[in-house]
Structures are given as structure tokens and as C-alpha cells.
Amino acid sequence: MPLSLIAALALGAAPAPARPQPYTIQDQVTLRRLSNPRVSPDGKQLAYVLRTTDMEANRGRTDLWLAHLDAEGAPRQLTSHPDADSEPIWAPDGKSLFFLSSRGGSSQVWRLPVDGGEPLQVTKLPLDVGAFRLSRDGSQLAVALEVFPDCPNLECSPQREVERSKKKATGRSYDKLFVRHWDTWKEGKRSHLFVVPVAGGTPVDVMKGMDADSPSKPFGGADEFTFTPDGKSVVFTARDVGRAESWSTDLDLFLAPVDGKAKPRKLTEKNRATDTSPVFSPDGKTLAYLAMSRPGYEADRYRVILRAWPGGQERVLAEEWDRSASALAWSADGKTLYAVANHLGLQPVFALDVASGKVSQLTKDGTDDSPQPAAGGRVVYVHDDLDSPADLHVMNADGTGSRQLTQVNQEHLARIRFGAFEQFEFPGWNNETVRAWVVKPVDFDAKRQYPLAFLIHGGPQGSFGNHFHYRWNPQSYAARGYVAVMVDFHGSTGYGQAFTDAIRDDWGGKPLEDLQKGLAAARERYPFIHKTRGCALGASYGGYMINWIAGNWPDGFQCLVNHDGILDERMGYFDTEELWFPEWEHKGTPWENPEGYGKHSPINHVAKWKTPMMVIHGGQDFRVVETQGMGTFTALQRKGIPSKLLYFPDENHWVMKPANSVQWHDEVLAWLDQWTRK
């Protein structure tokens, strides 16, 4: 032990703290993740979910926490059960929380007094509860259950599954699409909404007989349904289009009585595009929801629609605002709607004046979500950015006076150093302004040159913005000594709907030109980026672009990383599930418009491939099936190009399990090192 340290310990002084270390993938999978904040009825307390990682069990676990808006003191942990607790909803009196828990082996609704006491199980149903809502008076629950639509009661569905499991024959018969979706084979079940009294009683299927799901699959949640203010009905989102389900984006709002005595009535009959996210005003006189206008297009702009209740007259709020809103929440006085939207590489909180439609941007940096009104006319929201994981913040209604309420990773972050980052812009396709982000290496020295990690986002209607991501985090590369560059090419969201639409029928055109010009602009602007040492990486559409780059920009990079990318656009149509996506992007089916699928298909340019490529694919990926990745690897191997296949049999379109995420990053970074650090 050094003499200076021995002397310090002898005098009772603490040793100097160790210097924070660069961010690692171990940090990425073990950082605590905050989500699902819910403000109490009096606006003074916040319940939220905190996810921690159990590396031994190779999964995340979630617990409920409570924070006070103004009172001093650290947030308080409410639950600590080894099974998952999530989705808190306040009782109307603010004295207890309803929540979902898998304790006991089944996902059910529980209730917990916030001032002390043990949680009590509310529902004891024979099926798992997938999502739930509470009526305004706190007397009823709407719960989502997976059932066979033709079953006469709840017990029928699990009984039918048991009977099926006993059969020796294992064949499955289908007479319509979907056969499988995202990462799940279809077995005839649907997610239906049931209304059940909190005090107990027989659940009522308010979607009886409907061959449709609510919430929608695969990512819909409790924001897709709600009780009416009087508690007599439920408004819910569903795609009820018969055999056209796999090629239709016509999600509608339906109204169903809680007693199930009448069939659900479609509220949005006139709109053949998506309608979703219903939320009632505090006085119950207005229903706000989100609506697209173009059928078949999943990335159309979400407009905010206000519908007089129960009259039905509608108007578009802020029609001239060229952004796609989400996460709607009413102010306490009903005069303002809060929302978030992608905007120039950020996701701020916006305030929409209900009377005039005036839109005000309240936050100025990073990625914000879940805005909600709180006591004193303030707004609570979740905030993160490229060097800060999500925490709760609060601000005044005009956006001033923002302060952080939680520091869920305070001790962990004190041990970490991140790379500095900034946004830059350049003239891209047609000399239109394109924006990008650069993240510098953690141990940055302006006199040095660093290899490049060129990250390409998926979607393609997405964005690599100022956001702390738990899969594609540029800090993972900055910590390894790379400069990370991310270009929001034509097709990205947050720059106006026309910019997003520009990628249609041009997957390999404008975006590739933007990427090429963006890289040139970055190297000119930042001389510390090495002129030749660099690799490009992408997933989903980004993986497609990696394959496209291999044949159309073959001298651009020293190596490539393709995660779940398409090789053959024609076959990609036939082996995917959501057909509306390729039909919109390529203007029809392959037999109606073969040129649209052929002109930008990477398989037509394999002869020009020469760049070393790592190919990654998940065996449960039904969006871009595994044979697309294996076909890519086959072509690389047959051509003698240095290549590697990393296959995860238990992952879908994403890599979700902690151990797999660590392996993914270890092997990807080793691949980059192999080709850029010779």
C-alpha cells in the first residue's frame, strides 16, 4: 500500500475517490431504468416503476417507488417482491395504488396502501392480466385478457389450451393472416377487454365475439383504452378488419357498454387510417385522441383530434403544427393538452392550447416523455439525453424553473465518464438541411485521430436523437475510443412530415446520399475523425442499409455490422408479417410493382460486395426473418469476404436479455477493433 494512503488512513481521512471510468456495456445493462410515472390525484406525489437487472437470473425486475413533488427526502421503495410489479394507477382518494404484479405465478391486479401495509390481490382471474384501467370513481377495472373469442366464459380458454397440449398431433391450421406476428405464433387467441368490479364479481367481455385485439399487437398498452367519465362505457382501440388485418392500418376507436349488453360501436368510421390513444378531459366533455389520415402508412403524422362528448362533433387541434404527437395528457383545468413529439433530433414536451391550437415548446433538450399535470400548475415529465439515463423532472406550466426530482442512478453515474456530444447540420440530398449527432471518445484528445463508428438507425421512419438508448447507445463506442456519428437522413422523424415521406419508393436513394454527405461533412468539421478507419453499423432498416452500402458504397468503410437487415426486398415481402409496411414503402405488392421491390434490393448488388461484414440475427425475429441474415452470410462466405455470423435463437428483432446484450456488444466491438486498429 502506498505510504501516502497509509498515512491518510492513520489520520482517519478517507482515500481520494477513484477516477470515474469510461462507460461500459456492463453499465448499460445494470443501470436502473425509470418508467411509468403516475401523479397522485392531489398532484403532490409520484408513483413510478424502477427496473433493476438481475444478472444471475438474466432478466430485469421491476418495483414500485414513490417520490414527493416538494417534500425533502429521498424517494421511497414501495415494493420489493422478486416477481415483477408494474403499471401503477392511483385510487381516486390518493391513499392507495392499483398495480400489476406477477407474484403468485400469474399477472393480476393488486392494491397497495401508500402509507404502509401489505398489498392485497384484487383480481383472481384464470388468465393473466396484460393491461388495465380504473374507472374515475375507482369502482371498476377494465382488464385485457388473452381469450379465444368464441369461448362462452373465462374458464374455457385455459381449458382449451390444456386440451390442445394433450393432442399427439402438433400441426397448426390457418385460413388467414397473421400466422405469426413479431415474435409470436398465432393460436387463435385475442386480447379482449373485460370489465370487473373492484369489489369482485363476474368479468364482462365488452368485446364479445370481436375477432380483434385491444390493446393492439404487438406493442399496444393501457393508453389504448379508457373508461368514459360516467363509468358506463369503455372507449378502446382495435383493428377490426377481418382478413385484411395484416395489410391494414385501420385501427379505430370503439365504444362499448360495461354491461356487455350491446355490441361495440365504431366511433371513427369515416377514417380508414389509425385512430388511437383516447383520453378524456377533466370535465368529461371532450375526448382527445390521435389520428393518422393516410391508410396503410404506419409513420403518417399523428394529428390531435378533439371530439365533443357525447355529441360527437370533431376538430383537429393545431393542424398547422407539422409534428407527430404522442403521450397526450390534459392539464387540470382542461385548457391545455401536453404532448411530446420528435423535433430536430430531440423529443420535447409541447403545450397545445385547446381553444386556439397554439403550440408552445416547453423543454429544449434531450428526450422527454410522459408529461402530466402536478400541483401548483406544474408539469412532471421523464427526461434523458445522450449522457443521462431517464429521471423524473418538474417544471412550471410555461417551461421555466425545471428541476430534477429523482436521481435513480446517482451512485452508479458518479463512477462513469461519458463522451461529449453535439449536433451538426449539413446540406444533404437536394441541398436540403440534414442534421446529425457526433459523440466524442471518452478520453478525447483533439491532437489525436480516432476510428469511426457510423451508426444508422432503423425504422426507417425513426431518429438517432439526443436519447439514452439501452440497445444502440453511442456511448458504448465512445468508451472504446471511437467517434460515433449518427445521421438523421431523409425518412427520419422530427423534421416535418414531408421529410419523413421522402424515403418512400427511394430506400437506397436519398438516404444513401445523406449518409455519404454526412460522413464527408463530419470528417471535414471534425479533424479528429480518422480519414479511412471506420465501420458502419445498423439494425432493421439500418441493417438493410448496411447490405445496400456493401454493394453501392463498397469503399466507404473498413468493416460493416448488419443486425436483422433485409437482403432480398422481394422475398422480404413474402416472409414478413405486417404487409402494410412494404406495400406502402414500395408502392404496392411485388406482383403489382416488381420494379419498386427490385430497384433498391441489396441482393442485386452482391457481385460488388467486398467489405468485411458481421451479420447478426435473432431466431424469433418474424419481422425480418432469420433466412435474410443467413442468406447474407452465405453470400459473404461464398465470395470469400471476411465475415462472421452471430445468431441468437432466443431473441426477436431486438436483443433483450442482459447476457445476450453483453455478448452482442463484446463481439461487435471486437469486430470493429479487428478492422480499424491494425
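Reader: Cys535 and Cys559: buried or exposed?

Author: Cys535 and Cys559 are both buried, a word for under 20% relative accessible area, with exposed meaning over 50% and partly exposed in between (1.4 Å probe, protein chains only). The model is a predicted one, in which local features need pLDDT of at least 70, side-chain atom pairs count only at pLDDT 80 or more, and totals for chains, interfaces and linings use all residues. Residues are numbered from 1 along each chain as its sequence is written, and side-chain values use heavy atoms, without hydrogens and water.

Reader: What makes Cys535 and Cys559 a disulfide?

Author: A disulfide is a pair of cysteine sulfur atoms within 2.5 Å. The sulfur atoms of Cys535 and Cys559 are 1.8 Å apart, so the pair is a disulfide. The angle about its S-S bond is 110°, and the link is right-handed.

Reader: How many disulfides are there by this rule?

Author: There are two. The other joins Cys151 to Cys156, with 2.0 Å from S to S. The link of Cys151 and Cys156 is left-handed, with -55° about the S-S bond. Both Cys151 and Cys156 are buried.

Reader: Why is Asp568 said to have no salt bridge?

Author: A salt bridge needs a side-chain nitrogen of Lys or Arg within 4 Å of a carboxyl oxygen of Asp or Glu. Lys and Arg count as positive, Asp and Glu as negative, while His and the chain ends are not counted. The nearest side chain of opposite charge to Asp568, that of Arg570, is 4.9 Å away, so no salt bridge is counted for this buried residue.
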